[in-house]
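Hi,

Here is the structure I promised to pass on.

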Amino acid sequence: MTTDYELQIKCVGLENNGMFPIEYTGRGKDVSPEFILMNLSPAAKTVAITLEDMKHPLFKNFTHWVIWNIPATPEIIGAIPDGKNVKTLNNAVQGIAYGWHKYAGPKPPKGKRHQYRFTVYVLDSPLSLSPGSTKNKFMKAAKKHIIQQGTIMGLFE
C-alpha cells in the first residue's frame with residue numbers, strides 16, 4: 001500500500017472508540033452507518049468495508065460484514081440494503097459474513113462489552129469475486145490493489 005494521500009474516515013454517528021449508536025446494532029435497526037471519506041487518492045476506483053468483532057470469545061476478529069466494489073466517492077450511503085449485489089451502489093458485492101450477504105451490526109451477549117472495527121479499503125480496481133466469498137478471500141484478492149485504508153473502532157454491550 002503506497003500513497004501520498006492519508007485516508008480520513010468519518011462514520012456518521014460513531015466517534016472513534018465511542019459507543020455504537022443503537023440503530024447500527026442488532027438491538028436496534030441493524031443498519032449500516034454512512035461513511036464520509038476525505039483525502040481519497042485520485043487513483044481510487046472502488047471502496048470495500050469490513051466490520052469485525054475484535055473481542056469475540058470463539059473466533060478472532062469475527063466478521064460481521066464485508067462489502068466490496070463500492071464506487072470510490074467521498075460519501076457512502078447508510079442503510080445499505082441486504083443482498084449479494086447492491087444495485088444502488090453500482091452492484092457492489094456483499095460477501096458472506098455472519099452467514100449472510102448483509103450488514104450484521106454488533107450484538108454481543110447482554111452485559112458483555114465487545115470492541116468492533118470498521119476497516120475501509122480504497123482499491124485501484126474493482127475485484128472479480130463471487131458473492132460467496134468470505135473476508136479472507138476478499139483480503140487475498142484485494143491485497144495487491146489496496147492503495148489506502150483506515151479504521152474506526154466502536155464499543156457495544
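Eight of the ten residues of E5 are buried, so this strand is largely enclosed by the rest of the structure. Buried here means under 20% relative accessible area, with exposed over 50% and partly exposed in between (1.4 Å probe, protein chains only); strands (E, at least two residues) are DSSP runs, numbered from the N terminus. Keep in mind that this is a predicted model: local features need pLDDT of at least 70, side-chain atom pairs count only at pLDDT 80 or more, and totals for chains, interfaces and linings use all residues. Residues are numbered from 1 along each chain as its sequence is written, and side-chain values use heavy atoms, leaving out hydrogens and water.

E5 sits in an open, mixed sheet of seven strands, ordered E2-E10-E9-E4-E5-E8-E7 (two strands pair if DSSP finds at least two bridges between them). E4 and E5 run antiparallel and are joined by seven bridges, with Thr50 opposite Val66 of E5. E5 and E8 are antiparallel too, with two bridges, and there Trp68 faces Val93 of E8. At the edges are E2 (18-19) and E7 (85-86), each pairing on one side only.

Cheers

Key:
Helices (H or I, at least four residues) and strands (E, at least two) are DSSP runs, numbered from the N terminus.
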